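Visitor: Please give me a close look at one surface part of this model. Then connect it to the rest.

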Amino acid sequence: TVAQRQQIDVTIIFGMVARPSSQLVGPVEEYWRFDNKFEPTNPWAQRAMMAMCNVPDKMRVVTGYCWIQQFQQYLVEIGKQFPSRDFHSDVIDWYTSDPNSGQAHLWFVNQKMLACKMQFWTDHSKEMGAQKALKYKKWWDEFVDGNNKVASVTGNRAWHTADAWVRAEAEVAIIKSTMDTIILSAACGGFGMLLFTGDPWLSAIVLFLVLGIISGLAFFMVSIMGWAIGPIEVVSLVVFVGYSVTFALHIAHDFAVVQEDDPMLLETEHWIEQKAAKKRSRSGVSEQEAVEDAAPPSTAPLAVSGKLVGRRLREARARTAILHMGRAMISSAASTMGSSAFLLLCTLSIFGKLGAVVIAVSFLSICFALISLPATLIVIGPAPGPFHKRAHAKFRRWFSCLRGGDISKPEDCDGEQRAEGRARLQGLVAGFQRPQRRDRTTHEGQDLLE
């Protein structure tokens, strides 16, 4: 048997109409109102209330309080029949004889009972899963709806409620909307990243890494901590989408604005070149030879004196972005995790979970921002400069090759590309001219026949 304080408390209510929805803005005018169609003076309404006390055994009711049964016993004791033909007078007499019996279960206005409730405590725990709670609620739906169908119109609008129903329905609704909410939050984060970085490809890279952080957070909560998916876990996944974007956005934005002539980039690359030269000199090679060996061949771009291009440029830009933002990001993550560590000592589990989630998402975010994101940018990161300018330049180069290199820089296309471009262009022109020639020939033939 479930402990009494953990038992589900189910209440069946007559004579009240609850508010169908919650008001989002402004003061709430009413939460409930009396049901004008409920007439307890009608004998059939009294029979309908009595029928609600006969709960099936499968509901596993441990204890219950049906005031209508005590009212029936009172009528029998004073020599009257049930249902009462003088209901309001009789129920007031019963109530005044024993006020404690019906004080919390009846509502009177002007000496008339307008609403009432029956209460049942069941052998089911309030902590039962949401799906099991909804299945159990369905049994009560069938029981109450079945009695309402056979009752008269004066007592056929009864309904039941319980705290367990509210929690279970809210949990299921939150879980079902989790994916939609995460996708919407990620889309908003992607739009914000696109707005700040100005590069769709860079925004897409950061967005995929953010989804990886959220997946890692879900793995931490479910697999490592062993938490069941509930409202707290779902809210954490949704709320911390925005927080997980922060660190990665700083690195991505700095990567986008760093150019190949950035002073810090050149200084860092020069320092790396000198360090490599010293390392080679310690291995028995002279420093001059080490510098010459450390420098790329003449056919490849130099690290400092030459032009940085390709992977070498992406690596230098990623390194510079980390040097620009790394210390501040590590300090921010450390302060967040340190302040959240005190929540782990709280008595209430909700604060302990919140602290663990903040620490986990901070750790994952800083690791992804300083390790995974730079590695990804080195491999597939975009070129420097605004996206629209790069796209426009690439289109001009492509069209220049198509035209034979005569509208843009001729060196962008070699001889073979120019020849191929001219052939393509001539083919396109011939394709447009052939139908016209056939039409002209057809018209000339028709003129000769005429």
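A nonpolar patch and beyond

Guide: Ile350 is found in helix H13, counting helices (H or I, at least four residues) and strands (E, at least two) as DSSP runs numbered from the N terminus. The model is predicted: local features need pLDDT of at least 70, side-chain atom pairs need 80 or more, and totals for chains, interfaces and linings use all residues. Numbering runs from 1 along each chain as its sequence is written, and side-chain values use heavy atoms, without hydrogens or water.

Ile350 belongs to a nonpolar surface patch with Ile232, Leu348, Phe351 and Leu354. Together they expose about 410 Å² of accessible area (Shrake-Rupley, 1.4 Å probe, only the protein chains shown as cover). Helix H13, residues 349-380, gives the most to this patch, with three residues. Patch members have over 30% relative accessible area and no salt bridge; nonpolar side chains (Val, Leu, Ile, Met, Phe, Trp, Tyr) join within 5 Å, like charges within 9 Å.

The surface also carries a patch of positive charge. Lys275, Lys278, Lys279 and Arg282 gather there. Lys275 sits in helix H10, residues 263-282. Lys and Arg count as positive; His and chain ends are not counted. Charges are placed at NZ of Lys and CZ of Arg.

Now the paired charges. The structure has eight salt bridges, each a side-chain nitrogen of Lys or Arg within 4 Å of a carboxyl oxygen of Asp or Glu. One of them joins Asp35 and Arg157, at 3.1 Å from N to O. This pair links distant parts of the chain, 122 residues apart. Asp35 lies in the loop between strand S3 (32-34) and helix H1 (43-51). Arg157 lies in the loop between helix H5 (130-150) and strand S7 (159-161).

Both residues also line the largest cavity, along with others including Phe14, Lys37, Phe38 and Asn156. That cavity holds about 40 Å³, and the structure has one cavity of 30 Å³ or more. On a 1 Å grid, a cavity is where a 1.4 Å probe fits but cannot get out; a pocket is open, with protein on both sides within 12 Å along at least five of seven lines, and lining means an atom within 4 Å of a point.

The second largest pocket has about 280 Å³. Of its 13 lining residues, Lys126, Glu127, Met128, Arg167 and Glu171 lie nearest the centre. Helix H6 (163-176) gives the most to this lining, with four residues.

Two backbone details remain. A cis peptide bond joins Phe82 and Pro83, with omega about 5 degrees. Pro83 is in the loop between helices H2 (67-77) and H3 (87-97). Arg60, not a glycine, has a positive phi near 55 degrees. Arg60 lies in the loop between H1 and strand S4 (61-65).

Notes:
Grid points are joined across faces, edges and corners, and a volume is the space filled by probe spheres set on the points.
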